[in-house]
Amino acid sequence: MENLDVFDSIVDSLDIETFIICHSEEEGRRIGLAIMEQLGFRDADIVFIEFLGSGARIRIRANIYKPGDSYGWFDSCNQKRDYIRNG
Amino acid sequence: MDNNTIRKKKVLLIPLDPVHDVALKILNRKLKDRGHKTILLPPDLPLEEIISRLSEINNLDFVLVSRTLGYGVAELLGRFIDMAEAARIRDKAKMVLGGKAITPQLAAELGFDKGFGEKTDFEEIIAYLEDREFLREKEELFRKKISIPSSHTYQYKNNRVKGLLNEITDEIILWSKNKSSPGIERAKLRERMINVSQDDSLADEDKVVKTRALKKEYLSYCDEKIVRFYEKGLLPEKVRKLSSEEIGKLNIYIQQQKKDVNFKKIRHSQSLPLVFVQYGTGCPIMDIAHIKTSEAWGADGVFHFDPSWGARTEGLLEGILSHEEDGSIISWENLAVIKSSLHKETIWTVRAHRGLNTPETAVIAGKLGADLTKIHMVYGSLNGGTDPARLTIDGLEAIKLAAKYNMPFDEPTNEELGGVPAYKSFAGLLIIADLALKLKAQPILKPLFCYSPDVMISGKMDDNYIDFNVAKINSLRSIIDAPIWPGEPIGFMTHSEDRVQSSLTTALHAAIAISLQVDAITIASSDEAYSRGPISLASRIDTLRAVQEAFRFLGKAEIKPTGKAREYEKEITKGIEEALKKVARRGSFVDALYEGLLGSPQDGAYPGRAGRGTVIEG
């Protein structure tokens, strides 16, 4: 597994859903995008955010592959599965 | 196998588990229903007492033991088998073990004849007891491609509407005489090119010569953008050809995806509605990933969604092409590779309906064996951007092609989303349906389940989303017995970017659909309202799961609308008749489109301009 880029197995995107303590929706957005940046995702977007009470319910999406990209999972999906089993 | 021909068995059911005996009780009921003789022991009896009772029962065929595996349980079950052997019970009955964490291997190791795990279908156990093959509920039972129109007569129930439609559609057919268009000419040439390529009597060099000549003529009917592609290899912006390496891998990927797929059963106890999803990510590889996943999660059918610029361009591209934005390009090769990925029971529809390539798309779809297509001249010319006269003549040809290739077609009334009232969009819907029937085609009515601008303004959905949607279906049903497939997707304009809300609103609209027993529905993904990026595959699964749960929840029960539904139904039917009277009185369907009789600028409908002035006379 250590040699495997596990993100290559993601077909398109990775969503993170959580609740962020913040004072406004705008602040929630900034924090959400900062979280993705700190996790190393360069292409991220807020899919959904709703601020109420003490913070915001948020879904943040990191795009791993967009349509038309060269997909890691497609390139060697079967070998990769074997590798995971064996590894 | 007929239940009457199966030898009835005597079965003893033993819940060894102190509390978890529900599964055995369900199985007991199911076996009794099938005429087997069963004895269900109370839970948690001592082994000695069980063996004692077993010894007293004559002609026993099976002993079914249920027990959740836990600490010391394997020893207990082993001891039970030893005691059963000592009492010579094993000689007369087969011993079967089932329960949480039980595997067939473990059951065999413990000395049982058969073992079933916790997720086993009851029918699988019954099939084993009845000594017949278990047809896992995959394609054999519930993934059956059916013809949506087959259960409908297309008989009119409203003679006033029938008479008006007859008058209007006679006029359309008369108007179309001796007319053609670049789209129709290309469709004819495309058909000939495909015939040449498939003609085994022709030598390869003859095929090349003939195709070249046909292609040259084809290009004379194309836009510059398409001509540049064929003559100079220049692709439109944001379009690329997949490499031969990618295509090779795609074919391997398709073969892999077709192996060992288990399908979820999306409907619980009803056979309708069929569930369709739309693909069109822009990339055929990603499309296939969406299709195979949707099939596995229970979708009955998929339909191809092409880019909007394709509808405004004269001519189609060739090759396996990827597009960076929404909508997958229609080309023979793109559609062929997608078709090759489909499960044999998946219903495939290719929409032809709204643009300048409508007849040619119908040819390609028909030649590739698509099950359905989509044609609607009213929507295509009032909200799809195509000139009404051009789309009327092209649509008429596409309907003839749909009939020729035995493709029923659906008519989406999406002009309602622009603001056209439902009754007006239904008048247009029925005109095209009547025209199709005259041309021996099979139309499928596609009203929207939506929160449309018109109902927002009129307040018809201020209380609930049920009454007006029910009224629409019942109004159409009061006019004609035709297949009805709400779309597109159901719950349009009720979705938000919250995936829970989005999935739920889809599921609730699916519940209305199953309650009304419509023929099919198209569902969105939970990303329906998210417009800043592509639809994720996970979001497709969200709504398929949600719809499955709604179907499970409702079963054969019905949703009861309020008395308003009946009022709205009458209002819609009356509105349809009034709209049809105006079109009939106008004496020209095409002029009626231009003049807004089926949707005006005040309603939010605008006659399209693409292809204006291109109808060929004579």
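Student: At roughly what angle do the axes of α11(B) and helix α13 of chain B cross, and within what distance do they come?

Tutor: An axis here is a line fitted to C-alpha atoms, for helices over the stretch in contact, and angles run from 0 to 180 degrees between N-to-C directions. Helices (H or I, at least four residues) and strands (E, at least two) are DSSP runs, numbered from the N terminus. The axes of α11(B) and α13(B), the latter covering residues 332–341, cross at roughly 25° and come within 10 Å. That makes α11(B) roughly parallel to α13(B); angles under 35 degrees count as roughly parallel, over 145 as roughly antiparallel, 65 to 115 as roughly perpendicular and the rest as oblique. This is a predicted model, in which local features need pLDDT of at least 70 and side-chain atom pairs count only at pLDDT 80 or more, while totals for chains, interfaces and linings use all residues. Residues are numbered from 1 along each chain as its sequence is written, and chains are lettered from A and ligands numbered from 1 in the order in which they are written.

Student: Which residues make the contact of α11(B) with α13(B)?

Tutor: Two residues are in contact if their C-beta atoms, placed from the backbone, lie within 7 Å. From α11(B) come B:Pro284, B:Asp287, B:Ile288, B:Ile291 and B:Lys292, and from α13(B) come B:Asn334, B:Val337, B:Ile338 and B:Ser341. By class, this contact of α11(B) with α13(B) has five nonpolar, two polar and two charged residues. (Ala, Val, Leu, Ile, Met, Phe, Trp, Tyr, Cys and Pro count as nonpolar, Asp, Glu, Lys and Arg as charged, and the others, Gly among them, as polar.)

Student: Is the crossing of α20(B) and α23(B) left-handed or right-handed?

Tutor: A crossing is left-handed if the near helix is turned anticlockwise from the far one by less than a right angle, and right-handed if clockwise. The crossing of α20(B) and α23(B) is right-handed. Helix α20 (residues 467–479) and helix α23 (residues 564–586) of chain B pack at about 50°, with their axes 8 Å apart; they are therefore oblique to each other. Residues of α20(B), including B:Phe468 and B:Val470, meet residues of α23(B), including B:Tyr568 and B:Ile572. The classes in the contact of α20(B) with α23(B) are seven nonpolar, four polar and four charged residues.

Student: At what angle do α21 and α22 of chain B pack?

Tutor: Helix α21 (residues 499–516) and helix α22 (residues 537–554) of chain B pack at about 40°, their axes being 8 Å apart. α21(B) and α22(B) are therefore oblique to each other, and α21(B) passes α22(B) in a right-handed crossing.

Student: How many residues does each chain give to the contact between chain B and chain A?

Tutor: Chain B gives 23 residues and chain A gives 19 residues. On the side of chain B that touches chain A, α10 (244–258), α11 (284–296), β10 (321–323) and α22 each supply at least two residues. That side of chain B divides into nine nonpolar, seven polar and seven charged residues.

Student: What is the mean pLDDT of chain A, and what is that of chain B?

Tutor: The pLDDT is the predictor's confidence in each residue, from 0 to 100. Chain A has a mean of 84, with 80% of its residues reaching 70 or more. Over residues 78–87 of chain A the pLDDT is below 50. Chain B has a mean of 93, with 98% of its residues reaching 70 or more. For the complex, the predictor gives an ipTM of 0.88 and a pTM of 0.87.
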